[in-house]
Amino acid sequence: MELRARGWWLLCAAAALAVCARGDPASKSRSCSEVRQIYGAKGFSLSDVPQAEISGEHLRICPQGYTCCTSEMEENLANRSRSELETALRDSGSALQGTLSTQLRGFDDHFQRLLNDSERALQDAFPSAFGELYAQSTGAFRDLYSELRLYYRGANLHLQEALAEFWAHLLEHLFKQLHPQLLLPDDYLDCLGKQAEALRPFGEAPRELRLRATRAFVAARSFVQGLGVASDVVRKVVQVPLGPECSRAVMKLVYCAHCLGVPGARPCPDYCRNVLKGCLANQADLDAEWRNLLDSMVLITDKFWGPLGAENVIGNVHLWLAEAINTLQDNKDTLTAKVIQGCGNPKVNPQAPGPEENRHQGKLALQEKPPTGMLEKLVSEAKAQLRDAQDFWISLPGTLCSEKMAMSTAGDDRCWNGMAKGRYLPEVMGDGLANQINNPEVEVDITKPDMAARQQIMRLKVMTNRLRGAYGGDDVDFQDASDDSSGSGSGDGCPDDVCGRRVSKKGSSSRTPLTHALPGLSEREGQDASAAGRPQARPRLVLLLALVLPAAGPRWR
């Protein structure tokens, strides 16, 4: 009897060991209630969600252990994880875009206000001081300020030529007003134009305005345009879609822990960084040119100060105009005598009004408007914000892991490492595409860079070169840096339809669409501004360009 009982006990023990060795599904099955709650909260139907864990041979992304996820759930969560990362990426970009756009509006408003104030000062002071000399030349002054606005807004025109044409028109108008008793036909005015270079009727004012305005306006418009380009680059790059390998890696990072029944396990820090460094490798490649652009923008602000600075020049254009008219009146007799000596005695106009001495003509003395301090405040804020934004592209993985991915605060054995709860051992990859060749989490083909990101890198290079030229005072031809150019064709990121219409000496009225020149300008406003161009110069005005252009001629590119 005792032997029989002992044999029965041994038989039961052997059966129990066999069951344990074989693995009883019921003994390993755990409730999926927490996963069901999370899955339902994301808006998915719970009809096909298991109540308890099932075998995971069907899983294609997550480890194939016991799981709470069906194939459909895995696919839904993979799509959701990609969408959530893309949303987080756009949100980060939107915050930086908002900062850059606010800066752009502040600087643009300030520079436009300076120019508007100068034109108002002219309109207030010139009529009473110069009488008919001003009244008959209002169109020339209005066209000058219109050209200056177009140039600042990015229109593809040569500022030196625009100023030369203004002085040529103005000389015609004023010489006629100073001598209303004379008949001055076109051939006589042609002769006047030929004499103008030697006569210097406006003194040093045209040369001074040309030198100062070129440096001031090119610095102001390049800086504002740089802000627009930077903002637009951020907008385009954060919209670059994530690849399929990235989608798989993000799913594994974010939701596979849920499928495996450990939804409370947060991603290990280094694991999360490796996934996002792989996903955002193309974005990180913007880092070098992005830094170059922001450094150049900070540097160009040095050109906003001093006698040649944008603050002083843009707001005081009318001072050089008043000086020019004063000089012409002071030297009227000498000028007239030399013109008659070189061009002959013009005929008398029998229908002329009364003697010119009775006409109201005077001189005007104006003082420079002192700075308000607003530009200094804008520059100080912009420098701080631009420096803060320098690390934007390479800091994205760490930022998103910390703020959006619920990353664990410590890399210990309690965090999710992609396979289970445990320590993450692989090293963290470097930044950029080339450094992802051995990324353990995302399979990245480093031989196939994203072309949309490369295009934006080219735009950054083009804009940086323009800013560096502006720092040296170069009046570089405007190139549309906000178009979706391919980087081919012109070789510098300037699209063919823009580069093919660059202004030449014979076609200075060509315009680049202003909606591209400065982001934020509506198409309607751009068309209105383009329609406000200066009138076509008569052939003889070409002879008067020598008034302000240097002897060797400008450097046309």
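Is Arg200 buried, partly exposed or exposed, and at what relative accessibility? Arg200 counts as partly exposed, at 42% relative accessibility. The legends below describe close-up views of a predicted model.

**View 1. Salt bridge between Arg200 and Glu204.** The closest N and O atoms of Arg200 and Glu204 lie 2.2 Å apart. Arg200 is partly exposed, at 42% relative accessibility.

**View 2. Salt bridge between Arg207 and Glu208.** The side chains of Arg207 and Glu208 meet with an N to O distance of 3.5 Å. This pair counts as a salt bridge because the distance falls within the 4 Å cut-off. Glu208 has a relative accessibility of 23% and counts as partly exposed. Arg207 is partly exposed as well, with a relative accessible area of 39%.

**View 3. Salt bridge between Lys377 and Glu381 in helix α18.** Helix α18 spans residues 374–388 and holds both Lys377 and Glu381. The two residues are four apart, about one turn of the helix. Their side chains form a salt bridge of 2.9 Å, N to O. Lys377 is partly exposed at 48% relative accessibility, and Glu381 is partly exposed with a relative accessible area of 37%.

**View 4. Network of Arg200, Glu204, Arg207, Glu208 and Arg212.** Salt bridges that share partners join these five residues into one network. The Arg200–Glu204 bridge and the Glu208–Arg207 bridge involve members of this network. Across the whole structure, a search finds 18 salt bridges.

Conventions:
Residues are numbered from 1 along each chain as its sequence is written. This is a predicted model: local features need pLDDT of at least 70, side-chain atom pairs count only at pLDDT 80 or more; totals for chains, interfaces and linings use all residues. Side-chain values use heavy atoms; hydrogens and water are left out. Buried means under 20% relative accessible area, exposed over 50%, partly exposed in between (1.4 Å probe, protein chains only).
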